[in-house]
Amino acid sequence: MTLPVRSRRSGGATTERPLGWARNPLLEFDELLNQMSGLIESTVGGTAPAVAWTPLADVRETDDAFHVEIELPGVRSKDVDIEAGGQELVVTGAIEEKEREGVLRRSTRRTGAFEYRLRVPGDMDTEKIKADMSDGVVSITVPKAEVNKPRHIHITESGESGESTGR
C-alpha cells in the first residue's frame, strides 16, 4: 500500500514525507540548531563557541529517590562531570571528533560539548548521590532529602464525645 506524499523544498532539495507522518517538533528544532551551528562555524571559520547538545535520558521517581539514565555511547566516565546542588543536577562533558582517513560522506553522530540538566521538585541529598557507567549509559541515583520523603501519619482513636479514651 502506498501513502500519499507531500513534497517540501528545503535548500533546493525536495524531501518527501507521507501525509499524516508524525513529526516530532523537538527533533526538528534540534536539527535546525545543528544547521545554524554549522552555518555559524562555516561563516566564522570554526572559531564560534560550540553549542552544547542534550543527550537522551530517562528519569524515574520512587518514594526515596530519582533515578536518571543518560545515553552517552563511546564516552568514558572520566570525560563526564556531574554536579548537584539545591534542586538541580547537571551532567556535562564532551565527545571528541575522531581522526579519520578519507572523505566522510555522512555523519549523524553527536560530537562536541553536551549538557543535561534536571531540576527536581524538592531538595536532594547531595552527599548520597551515586553514579556508575555501563555500556555507554550513565546511571545516577539522586536520593531525596529527608524532609521531602513521604511520611506515614498515625491516627489515634478518640471516644465518641471527641475525648481521648485513655482515662
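**Salt bridges and an open sheet**

D79 is partly exposed, with 28% relative accessible area, and in this predicted model D79 pairs up with R76 in a salt bridge whose closest N and O atoms sit 3.2 Å apart. The total for the model comes to six salt bridges.

Another of these joins E88 to R117, with 3.1 Å between the closest N and O atoms. E88 belongs to strand β6 (residues 88-95) and R117 to strand β7 (residues 112-119), so this contact ties together parts 29 residues apart in sequence. Both ends get some solvent: E88 is partly exposed at 26% relative accessible area, and R117 is partly exposed at 45%. E115 joins in too, making a salt-bridge network with E88 and R117.

Then there is K144, which forms a salt bridge with E61 at 2.7 Å between the closest N and O atoms. This one links distant parts of the chain, 83 residues apart: K144 is in the segment after β9 (137-143), while E61 is in strand β3. K144 itself is buried, at 9% relative accessible area.

Strand β3 also takes part in an open sheet of four strands, ordered β3-β4-β9-β8 with antiparallel pairing. The edges go to β3 (57-61) and β8 (130-134); each has a single partner strand, so one side of each has no neighbour in the sheet. On average, neighbouring strands here are turned by 15 degrees against each other, ignoring direction. β3 and β4 (residues 65-71) pair over five bridges, and R60 has H67 in β4 as its bridge partner.

Over on helix α1 (residues 25-44) is L33, partly exposed at 33% relative accessibility. Together with F29, L32 and M36, L33 makes up a nonpolar surface patch with about 370 Å² of accessible area.

Definitions and conventions. Residues numbered from 1 in each chain as written. Predicted model: local features only at pLDDT ≥ 70, side-chain atom pairs only at ≥ 80, totals over all residues. Heavy atoms only, no water. Pairing = 2+ DSSP bridges. Helix = DSSP H or I, 4+ residues; strand = E, 2+ residues; numbered from the N terminus. Axes fitted to C-alpha atoms, helices over the stretch in contact; angles between N-to-C directions. Patch = residues over 30% accessible without salt bridge, like charges linked within 9 Å, V, L, I, M, F, W, Y side chains within 5 Å. Areas by Shrake-Rupley, 256 points an atom, 1.4 Å probe, with all protein chains shown as cover. Salt bridge = Lys/Arg side-chain N within 4 Å of Asp/Glu carboxyl O. Buried < 20%, exposed > 50% of the residue type's maximum accessible area, 1.4 Å probe, protein only.
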